[in-house]
Amino acid sequence: MSKKDIQFLRVTHLRGPNIWTYRPVIEAWVDIGLLEDAPSNTISGLYERLTAWLPGLVEHRCGVGTRGGFLERLRDGTWAGHILEHVTLELQTMAGMKTGFGKARETGVRGVYKVVFRTRQEKVGRAALAAARELLLAAINDTPYDVAATIATLRDMVDDLCLGPSTAHIVDAAIDRNIPFIRLTDGNLVQLGYGDVQRRIWTAETDRTSAIAEGIASDKDMTKSLLQSCGVPVPQGVIVDNAESAWEEAQDIGLPVVLKPQDGNHGRGVSLDLKTREEVLGAFELAAKEGDGNVIVEQFIAGNEHRLLVVGNRLVAVARGETAWVTGDGAATVTQLVDSQLNSDPRRGDSEEFPLSLIKPAEWGEILLELQRQRLTPDSVPAAGQKVLIQRNGNVAFDVTDDVHPEVAARATLAARVVGLDIAGIDLVAEDIGRPLEAQRGAIIEVNASPGLLAHIKPASGKPREVGAAIVEHLFGAGSNGRMPIVGIAGSQDTTLIARLTAWLLYVGGRHVGLACGQEVHVNGRKMPKGVGTAFDAAQRLLINRAMEAAVFENSARMILAEGLPYDKCTVGVVTDVTVTPDLAEFYIAEPQQAYTVMRTQVDVVLPQGAAVLNAADPLVAGMAGLCDGSVLFYALDEDTAALAAHRAEGGRAAFLRHDAVVLAEGQGELAQLPLPPFAAGVAPAAVVAAVTAAWAAGVEPQLLSAGLRTFATQSGKAAY
C-alpha cells in the first residue's frame, strides 16, 4: 500500500443483534497501511478540509461525550479507521437516513481495524462507506471532491430503497412499544411482531383492511350512496361518460359543480367551482384522462378542504387545505411568480419528506383551467398587486385536529365504518371544522383507503400527530408486544441436541413450535425443504410463519459474528460455554475473553420479562448473570457447583442432576425431580439438563417436562425433533 491508501479487506452486513449493538450494522475490516504512522494531527490541512466539506461533524460527540467531541479527537490526533467511521455516518445523515451508532477498533494486526456503523439499508450503507473512503483520501491527499454530487446520489438511493416516511413512522412507533419488525419486501410491506401474533402493514393499509372496503372506496358513487343511506351528508352527484352529458347534468344539479374521476385518488383530475359550459367541458377531459373515462358531476360545496384520518373507531388527526395564490408585480409571468412565491417555500419539495408539493408546469392540468377562468396563461404577466388563483384544492397539510367539533368527528368515524375501512382518509369540505356539518352545509366528499400520513406526521403548520402510535395501538391493543416465546441457544457443547429437545418439550407443552438448527428448519417436528440461503435466512422463516406459537434457535458463534442473531430479543437465552474454536480465528478471535464477547450477545438480548439459562460449571458463562435484563437460571450436573449453590442461596432458580434425575429447585426448595429417560444414557447428560431448564424458563410445567422426556426418545426416531 502507498502511504495514502485505505483498503477494504471485508465488508459484512450484520442483519441482527451482534457483538456491537442490538441493531443492524455494517462491519468493515479496513487496512489503513502506512497511515497507521500518520494520525490526523500530522496531516496538514486535513481538519480544515473535512470540516469544510462536512460541517455536520461538529454534532458527533464520539467518546468525548460532548458536542464537537469527534473534532477534538481529530485535532488531537486520531487514525484513518476512526475518521472513516464518522465520515460514513455523516454521509448517511446528510442523505436523510437516521444513523448514530459507530465504532472503530483495532484487530491486533497492525494497521487493520474493524469499522462498524449503523445503517438502515444495506446498499445505502455500503455506498456511503465507499464514498467515505474516497472523500477521506481526497482530504488526506488534498485533491478535489464533489460532496454535493455524492449526497445527491445517496439521497436518491435512500428515496428508492428505504422505507417511505409514513411506513417508517409506523415502524418507529412499533419499536417504541418494543414490537419487533421484519421488512418483507424492498417496498413498504412490513411485518410487525413474530409468528402467530404478527400483524402486517403496507403504508397505511393493514392486514385488517378489507379488500371489499377498498373496492367500495375506489367507487366514489357507490361510496356516496352508502354514506347517504346512513345519514352522512354528501353532495348530490351523477356519473357521466361524455362531456355534453356532464354539462347537462351540471345544469340539473345546479351550478357551480365539481368534476372528478369516478375511480380517482389523491385529488388528481378534480376541478372545483365550475360555473360555465366551457369550464365543465374542459374539466371533463381532464377528469376522464385521470380515470377510466367515467366522471362524477357533483354539487359544489363551499368551504375549505379537510382530510380526517380515522384509525379503528377513532379520529386521530385532521389537516386543512389552503388555496394557493400569487400576487403580480407587473414584470414576472405567472410561471415565474409560482417559482418565486410558492416553490421557494422550504416546505415544498419533490420527495415525501416535504409537506407541500412543488408546482410544476408539466402537471398544471387543473391550474390551466383556473388560469383560463381568469383570462390568463402561464406566460401572462399579471399587473402589480393582482392576485392570481393557482390551486383551489391540494395543500391539505395544516393541522387543525384540536379544532374539530365532536359531531364532525362522529360523522367521520361513521363514514369509515359504513365503507368498512379500518384506516380511512375522510375528505370533507366545510367552512369551519369547529361547527357541525349540517349547520353550515358541509359534506363528506370521499372516503379513501390507504390514506397518506405525511400531512399529519409533518404538517406545514401546527402540531405533528402520533398517527403511527395510533395505528400500532389499533393493531396490537394496549397489552401486546407482538412477541411469541423465543429460545436462543448459543455455544459449542451439544447445542443441536439442546435445541431439539427444548423444541420437543415446548411442543409437549401445547405450542406449535419451530426449530432452526444451522440451515435446517423444522415445524412441529416436520423438516422443511432446504434452499433458503444462510442460517439467518432459515431462522427468519420461523419468525415470518403465522402458524408458529414458539421458536427455538441454535446460534453458533460464527453465525453471530457473520450475520448477527435472527431475532431482536428472546424470551430465554441459553449459553453453554465460552470456547475459542478454530473457526473463530478468521474473525481475529483467539482469546477466551474475545469469545466471551461473542457469547454474551445471547444474554444481552433477553427480554426484561425473560430469563437467561447459564452453565454454572463454566466461570465465564456464570459471570454473564449480571448482564441479563431478566431473571437467571443456572444449570449444572453437580448441585454443589459454586455458582449454582450461591444462586440458590439467594433464592434463585436452578436445575441439576442427582441420582439419574433432573432436579428443579427454587432457592433451597426442590420443586420436582424428573427421571432421566433411557435415551439420555447415550448423550451428554448436561445437554438434557440444559434443555429441561430452558423449557422450564419458557413456562412449561414440570409434569409436562417429565412427559416430554419420556416421549422424546421414541418420537425423535421418526420426527425431526
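Helices, as named in this note, are DSSP runs of type H or I with at least four residues, numbered from the N terminus. The model is predicted, and every point below should be read accordingly.

1. Overall architecture. The secondary structure of the chain amounts to 23 helices and 32 strands. Along the principal axes, its C-alpha atoms occupy a box of roughly 95 × 70 × 45 Å. Of the 721 residues in the chain, 54% are buried. When contacts between residues at least 6 apart in sequence are considered, 66% of them join residues at least 24 apart.

2. His-456. This residue lies in helix H14, which spans residues 454–457. His-456 has a relative accessibility of 1% and therefore counts as buried, the cut-off being under 20%. With neighbours within four places in sequence set aside, the contacts of His-456 are Arg-307, Leu-309, Ala-317, Val-318, Ala-319, Pro-464, Arg-465 and Val-467.

3. Leu-565. The loop between helix H18 (557–562) and strand E27 (570–575) holds Leu-565. Although placed in a loop, Leu-565 is buried, its relative accessible area being 1%. Residues up to four places away in sequence being excluded, Leu-565 touches Gly-16, Pro-17, Phe-536, Asn-555, Ile-560, Thr-601, Gln-602 and Val-605. Phe-553 is twelve residues from Leu-565 in sequence, and the C-alpha atoms of the two are 9.3 Å apart.

4. Packing of H3 on H4. How do the axes of helix H3 and helix H4 cross? Helix H3 (residues 80–94) and helix H4 (residues 122–141) have axes that come within 8 Å and cross at roughly 125°. That angle makes H3 oblique to H4. The crossing of H3 past H4 is right-handed. On the H3 side, the contact is formed by Ala-80, Ile-83, Leu-84, Val-87, Thr-88, Leu-91 and Gln-92. H4 contributes Gly-125, Ala-128, Leu-129, Ala-131, Ala-132, Arg-133, Leu-135 and Leu-136. Classified by residue type, this contact of H3 with H4 comprises eleven nonpolar, three polar and one charged residues.

5. Packing of H8 on H13. Helix H8 (residues 220–229) packs with helix H13 (residues 406–419) at an angle of about 120°, their axes lying 10 Å apart. H8 and H13 are therefore oblique to each other, and their crossing is right-handed. Thr-223, Leu-226 and Leu-227 of H8 meet Ala-415, Val-418 and Val-419 of H13. By class, the contact of H8 with H13 has five nonpolar residues, one polar residue and no charged residues.

6. Helix H10 and its cover. The 14 residues of helix H10 (residues 277–290) span 20 Å from first C-alpha to last, close to the 20 Å expected at 1.5 Å a residue. Which residues of H10 are buried? They are Glu-279, Val-280, Leu-281, Ala-283, Phe-284, Leu-286, Ala-287 and Ala-288. The elements covering these buried residues of H10 include strands E9 (237–240), E10 (257–261), E11 (271–274) and E12 (295–299), together with helices H9 (243–253) and H12 (365–373).

Conventions:
Residues numbered from 1 in each chain as written. Predicted model: local features only at pLDDT ≥ 70, side-chain atom pairs only at ≥ 80, totals over all residues. Heavy atoms only, no water. Axes fitted to C-alpha atoms, helices over the stretch in contact; angles between N-to-C directions. Helix = DSSP H or I, 4+ residues; strand = E, 2+ residues; numbered from the N terminus. Parallel < 35°, antiparallel > 145°, perpendicular 65-115°, else oblique. Left-handed = near helix turned anticlockwise from the far one by under 90°. Contact = heavy atoms within 4.5 Å. Nonpolar A, V, L, I, M, F, W, Y, C, P; charged D, E, K, R; others polar. Expected span 1.5 Å × (residues − 1). Buried < 20%, exposed > 50% of the residue type's maximum accessible area, 1.4 Å probe, protein only.
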